[in-house]
Structures are given as structure tokens and as C-alpha cells.
Amino acid sequence: MHTLLDLVRRHTNGHSDRSGFAPTPFRGLGAVRVLHPGELQVAVQKPLIAICLQGRKRVTIGTKSFEYGAGEALVITADVPTISQILDASPSAPYYAVALELDAALLRALATEADLRPVDSGPIHVEPADADVMDAAQRLMRLMERPSALPVLGDALIREMHYWLLTGRHGAAIRSLGRADTHADRIARAVAVIRQDYASTLRIADLATEAGMSESSFHQHFRAVTTLSPLQFQKQLRLIEARRTMLMERAGIAHAAHLVGYESVPQFTRDYTRLFGMPPGRDMREARLGA
């Protein structure tokens, strides 16, 4: 782990953006450096694995919270809204992590080749990082120091890392991403519809049809996969997008609320305060002051 930490430290020191994220030439792979414990960050995460190399972080989904630190991996296996916070970081000992978005198509191909059966599992897990996964991540980070080898070896190493994820201790958590027509796969189709049209009125019957389920079965499996009801999921999507619009595009509160589908600005303000911990006006002032 110390070698991987050193590689991530060198990469993030030269390539981190304001948020601390440092992209890499590999699709879906990035590194993170954070110098201070942070405020709550709300986002809709894609399926991924994040390996903490130094520091500590908490991630909350629905009513469940997970903490992970050096040598541990967070695995998220569904498109879910998360609230995260860096707990342990300082300029002398930053929080460092490496993260890989999981490629469902690649997982599906590897699971078929290896004849691995899908397993129904919750959407988020914290476990010790597999040695084989860490080794593949280390070789990926080292490869960036040899640019001429990137187009030759990069895809093969990404494929190898997915294989070790499927067959190692993380496999049970992510195997549902590797097979079509599982409950997770069906719910993912409904989630894609909500994400594409989150500002519109949600029709549960249409989502259940998209998932190929009865309405009662759809509700049950949607909550099992995401820990939220479809309406709660849509609400968090709306609020996250409204915050992005106000922060990045400097939209007014009322405009942002109506843009994401709210008819009542007071209701928007109440929901926003419950999710982000403060009213939108105060949140924007503090966020811009911090920036």
C-alpha cells in the first residue's frame, strides 16, 4: 500500500483540481487528495470502488453510514445519492484515495467467461482492499509514468482490475453488475429513467413497467437496491441538481426550484435544508465564500 500511496501522492500533487480530484488517462480511474476535513458533499454516485490510502471518510446512503480508512475499500454497486465527508485529513497528512468507476459491460463479459453467478446484495459495502486489486491499481498508476506504454497496456490492466474485483472479497457485492436481468439490473433501468427525466411527475406504474416488475415488487426491490423509495430518490436528484445550478450557473433560488420540478419554493427550501443542513441562500453564501 505504501508504494501505491506514493504514486497517488505524486500524481495528485501535480494534477489535482480545486476539489482535490486528479483524473488519469484511464477511463473511470481517478485519484483524490484532500488537505482538510470537509463539509458534507451530496452527489449521485455511479457504481465504483474507492480505496483509501491515508485518512478517513464517512459515506451515508439513506439511513446507513459507513466509515473507511487506510487499507479499506468502499464499494458502491448502484446509482445512489450519497452524503460524504472527509473525517481525517491535514496538510501534513492529507486524505488520499484512488477510485475506479465500475464498467458494467466489462463486468458482464468477465462474469460470463468466468461463469460467476450474480448475488443479490446491498448497494454499498466497506471491506479491506484485496491485495490483487491494490496490485493492479499500483501498476496502473505506475504506468502513467511511462506514457508510451499507456495505449498498449492500459486497457488490459483495467480489465485485470475488474477481474480481481469480481473474483475477490468484493465479488459478492459487485457481481450483480456483471449479469443482465438481475433485480439490480432491472432497477438500474428504472434509475436511468428517473435520472433522465427527474423534473417530471414520477409515474410508478411506468417505472415498474420499465423494470419488468409489478408495482409492489418494484417498490420492494427499488428500496433494497438504493435504500430509498422512488420518490425519495427523485427528490434527492432534484435537490442535488438545484444546488449544482445555483452554485455553478448562479441561478436564483426560485428559478432553480422550478427548473428541477418544484412548484412551491417554500417546500423546496424545507427539503433543501433537510438534505444539506442549511437553507439554500445561506448554503450558497458559504460555498462562494469558501471558494
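Strand 9 (95-101), helix 2 (104-114), helix 4 (150-167), helix 6 (183-196) and helix 8 each put at least two residues into the lining of the second largest pocket. Helices here are DSSP runs of H or I, at least four residues, and strands are runs of E, at least two, numbered from the N terminus. Helix 6 gives the most, with 8 residues.

This is a predicted model, where local features need pLDDT of at least 70 and side-chain atom pairs pLDDT 80 or more, while totals for chains, interfaces and linings use all residues. Residues are numbered from 1 along each chain as its sequence is written, and side-chain values use heavy atoms, without hydrogens and water.

Back to the pocket. A pocket is an open set of points on a 1 Å grid over the protein atoms alone, where a 1.4 Å probe fits, with protein on both sides within 12 Å along at least five of seven lines; lining residues have an atom within 4 Å of a point. The lining has 29 residues, and Pro47, Asp79, Leu102, Ala104 and Leu177 lie nearest the centre.

Next, helix 8. The axes of helix 8 (residues 215-226) and helix 9 (residues 230-248), lines fitted to C-alpha atoms over the stretch in contact, come within 9 Å and cross at roughly 50°. Phe218, His219, Phe222, Arg223 and Thr226 of helix 8 meet Pro230, Gln232 and Phe233 of helix 9, with contact meaning heavy atoms within 4.5 Å.

Last, salt bridges: a side-chain nitrogen of Lys or Arg within 4 Å of a carboxyl oxygen of Asp or Glu. The structure has 18. One joins Glu67 and Arg56, 3.2 Å from N to O. Glu67 sits in strand 6 (residues 64-69) and Arg56 in strand 5 (residues 56-61), 11 residues apart.

Methods. Axes fitted to C-alpha atoms, helices over the stretch in contact; angles between N-to-C directions.
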